[in-house]
Amino acid sequence: MSSRPCRIQPTLLRIDPHLHDHPRDLRRVSVRTIAGEPPDTAEAVDANFTWLQQSNLPKILFHATPGAIMPPTAVERCKSVLSNLTSVDVGDGIHYLQEDHPHEIGEGIAKWYRQLDG
């Protein structure tokens, strides 16, 4: 298991032109990352991710496409290094997944919870 943190890279998302009807009207979204600054925050994020890598506790990851916080490369990286991880693709989304897919997330949590041992 790699100890490299799962860092999100700066990117400019290409937003589907059909999203113009979306209430947030997101046409260009610039995603900024921690990128080591401030150092105490970056250290905390790295320590948390290292702990998640070493932990066998059940984990659930909700993600969407194109995904601002968890683009496909970050999802794949997390799937490859986090044990006992359930990955749930909720479909189209950028950032506000809980608002855009509340039922999918609720159903995903319920299904995941029912599958836990004990």
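K79 is partly exposed, with a relative accessible area of 40%. Its partner is E76: the two side chains meet in a salt bridge, with 3.3 Å from N to O. E76 is partly exposed too, at a relative accessible area of 47%. Please keep in mind as you explore that this is a predicted model.

Where do K79 and E76 sit? Both belong to helix 2, three residues apart, which is about one turn of the helix. By the rule used here, the count of salt bridges comes to one.

## The overall layout

Stepping back, the protein has four helices and four strands. Starting from the N terminus, the elements follow the order β-β-α-β-α-β-α-α.

The protein has 118 residues, and 28% of them count as buried. Consider the contacts between residues at least 6 apart in sequence: 69% of these join residues at least 24 apart.

In soluble globular proteins, nonpolar side chains tend to be buried together. Which residues make up the largest nonpolar core here? There are eight: F49, L61, M70, A74, V75, C78, V81 and L82. Helix 2, spanning residues 72-81, gives four residues to this core, the largest share. A second, separate core has six residues, among them F62, A64, V88 and V90.

Leaving aside residues up to four places away in sequence, L61 touches M70, V75, C78, L85, T86, S87 and V88. Of these, M70, V75 and C78 are listed with L61 in the largest core, while V88 belongs to the second one.

Helix 1 has 16 residues and reaches 22 Å from its first C-alpha to its last, close to the 22 Å expected at 1.5 Å a residue. Within helix 1, A42, F49 and Q53 are buried. These three cover an arc of only 45° around the axis, so they lie on the same side of helix 1. Helix 2 is included in what covers the buried residues of helix 1. On the other side of helix 1, D40, E43 and Q54 are exposed.

Is S55 buried or exposed? At 8% relative accessibility, S55 counts as buried, because the cut-off for buried is under 20% relative accessible area. The side chain of S55 also reaches the backbone nitrogen of L57, at 3.0 Å.

## Helix 4 and its two faces

Helix 4 covers residues 102-115, which makes 14 residues. From first C-alpha to last, helix 4 reaches 20 Å, close to the 20 Å expected at 1.5 Å a residue.

Why do the buried residues of helix 4 line one face? The buried residues are I105, G108 and W112. Seen down the axis of helix 4, they fall within an arc of 65°, so they line one face of the helix. They pack against strand 3, strand 4 (85-93) and helix 3 (97-100). The face turned away from this buried side carries the exposed residues H103, E107, K111, Y113 and R114.

Key
Residues numbered from 1 in each chain as written. Predicted model: local features only at pLDDT ≥ 70, side-chain atom pairs only at ≥ 80, totals over all residues. Heavy atoms only, no water. Core = buried A, V, L, I, M, F, W, Y, C linked by side-chain atoms within 4.5 Å. Buried < 20%, exposed > 50% of the residue type's maximum accessible area, 1.4 Å probe, protein only. Contact = heavy atoms within 4.5 Å. Salt bridge = Lys/Arg side-chain N within 4 Å of Asp/Glu carboxyl O. Polar contact = N/O pair within 3.5 Å; in protein donor to acceptor, adjacent residues only side chain to side chain. Expected span 1.5 Å × (residues − 1). Arc of directions from axis to C-beta.
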